Amino acid sequence: MKSSSSLVTTSTAVFSFLILYLANITAKHRHSTTTNHHHHHRHESTASNPRLQQAYIALQAWKLVIYSDPFNTTSDWTGPSVCDYTGIYCAPFPNDTDIQTVAGIDLNHADIAGFLPDELGLLSDLALLHINSNRFCGILPLTLSNLTLLFELDLSNNRFVGPFPSVVMSLPSLKFLDLRFNEFEGALPPALFNKSLDAIFINNNRLTSVIPSNLGSSTASVVVFANNNLGGCLPPSIANFANTMEELLLINTNISGCLPLEVGYLYKLKVLDVSSNKLVGEIPYSIAGLAQLEQLNLGHNMMSGVVPLGVCELPNLANFTFSYNYFFEEEGICANLTSVGIVSDDRRNCLPDRPLQRSKKECDPVLEHPVDCFELPCGHDSDSDAGKRN
C-alpha cells in the first residue's frame with residue numbers, strides 16, 4: 001500500500017503533466033485533418049536522457065505496426081527527438097525538472113489503422129493517452145499497467161476487441177476512462193467501481209451480464225453505459241454516488257425491474273436517461289427531490305401509474321420525456337409542461353384526452369394488473385405480458 005507522501009507525489013506529478021500538456025496543446029501546431037501536414041522544427045541531437053530514449057523505442061515500435069496513416073500524422077516520427085513528433089507532448093520530469101519526458105499523446109481523429117504494441121509500456125511517465133476516432137484494433141497490451149501516472153485514457157471510437165480490458169484496473173492514477181464505440185464484450189467487472197474514477201464512458205460496446213451490485217462504490221460524476229446488454233436491475237447501491245454523480249445514462253442497456261427509489265438520493269444529478277429499457281412500475285417520488293435535475297428521459301419502457309407533480313415542478317427541469325410507456329395520469333402542470341417552458345413528450349401512454357395515446361386494448365391489462373415495486377423481485381420484467389407491449 002502506498003504511503004500518503006507517495007500518493008501526494010503521484011498526484012502532484014499528474015497535475016504537473018496536465019498543466020504542461022494543456023500549455024503545449026495551445027502552443028504547438030496541432031495536426032489538422034487535411035493532407036497539408038505541418039512538420040515541427042527538428043533537432044538533430046540524440047535523445048537527451050534515458051526516459052526519452054525509452055520513449056523513442058516505444059514510438060518506433062508503434063510506428064512499425066501502423067498500417068494506414070491517411071493524414072501522415074506519424075510521418076515526422078523519425079529520429080530521436082521524440083518531443084518534436086506530431087501528437088507527442090513532453091514536460092519536465094516531476095522529480096527532476098531538468099529532465100524532459102513524454103507526458104502526453106494526442107492522436108485524436110487521425111484515422112490511423114494499426115494496433116498497440118507491448119512497447120507502449122515503456123512510456124511510464126505518460127499522464128494522458130488520447131487516441132479516439134482511429135482504426136486501432138486488437139486487444140490492449142498488459143504492459144499498459146506500467147503507466148502508473150496515467151490520468152486520462154481515451155480509446156473511444158476504435159476497433160478494440162476482447163473482454164473488458166482488465167489492465168485499466170491496474171492504473172492507480174486513472175481518473176478519466178473512455179472506452180466508447182469499440183467491441184469489448186463479456187462481463188462488466190465489479191472492480192471497475194472500486195476505483196476512484198471521475199468519468200466512466202463504456203457505451204456502445206458488446207458488454208453483457210448484469211450491472212454490478214457495487215455500482216455506487218465509485219466516485220464518478222459521469223457514468224455512461226448506453227447501448228450494451230447489461231440487463232438486471234439498477235442496484236440500490238446507486239445511492240452511494242450521491243456526493244458525486246451528475247450524469248447517469250443507461251440508454252438501451254436491457255435493464256429491468258423498477259427504478260429504485262435510491263435514484264432520488266443523487267442530489268447532484270443533472271441528467272438521468274434510462275430510456276429504451278424494460279423498466280416497469282411507477283416513477284419513484286424520490287426523484288422530486290432532485291433539485292439540480294435538468295434532463296429526465298424515461299421513454300420507451302413499460303412504466304405505469306401517475307406522473308407526479310413533484311417531478312414536473314423540479315426547479316431546473318428543462319426536458320422531460322416519458323413517451324412510450326403506460327402512464328394513465330399526469331398530475332397538475334405535468335399535462336401542460338410546455339406552458340412553463342419545459343420540453344416534454346407524453347405520446348404513446350394511456351393518458352385520457354391526450355393525443356397520440358395507446359389503444360384501450362393495450363392499456364387495460366396494465367391498468368388491471370399494476371406492478372408493485374415493493375414486491376417485484378429484482379430482474380423480473382413481467383415478460384409474459386409487458387415484454388411484448390412495445
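Mentor: Here is a walk through the disulfides, starting from the sheet that holds one of the cysteines. The model is predicted. Its protein chain has four helices and 22 strands, and the structure holds four disulfides.

Start with the open sheet of four strands, ordered β15-β17-β19-β21 with parallel pairing. Its edge strands are β15 (256-258) and β21 (326-330), each pairing on one side only. Neighbouring strands here are turned by 25 degrees against each other on average, direction ignored. β15 meets β17 (residues 278-281) over three bridges, in the parallel sense. Cysteine 258 stands opposite valine 280 in β17.

Cysteine 258 also bonds to cysteine 373, S to S 2.0 Å. The link is left-handed, with -85 degrees about the S-S bond. Cysteine 258 lies in β15 and cysteine 373 in the segment after α4 (360-368), so the bond ties together parts 115 residues apart in sequence.

Next, cysteine 312 and cysteine 334, with sulfur atoms 2.0 Å apart. Their S-S torsion is about 115 degrees, so this disulfide is right-handed. Cysteine 312 sits in helix α3 (residues 309-312) and cysteine 334 in the loop between β21 and β22 (343-345), 22 residues apart. Cysteine 312 is buried at 3% relative accessibility, and cysteine 334 is buried at 2%.

Then cysteine 350 joins cysteine 363, S to S 2.1 Å. The torsion is about -95 degrees, so the bond is left-handed. Cysteine 350 is in the loop between β22 and α4 and cysteine 363 in α4, so parts 13 residues apart are tied together. Both cysteine 350 and cysteine 363 are buried.

Definitions and conventions:
Residues are numbered from 1 along each chain as its sequence is written. This is a predicted model: local features need pLDDT of at least 70, side-chain atom pairs count only at pLDDT 80 or more; totals for chains, interfaces and linings use all residues. Side-chain values use heavy atoms; hydrogens and water are left out. Helices (H or I, at least four residues) and strands (E, at least two) are DSSP runs, numbered from the N terminus. Two strands pair if DSSP finds at least two bridges between them. Axes are lines fitted to C-alpha atoms, for helices over the stretch in contact, and angles run from 0 to 180 degrees between N-to-C directions. A disulfide is a pair of cysteine sulfur atoms within 2.5 Å. Buried means under 20% relative accessible area, exposed over 50%, partly exposed in between (1.4 Å probe, protein chains only).
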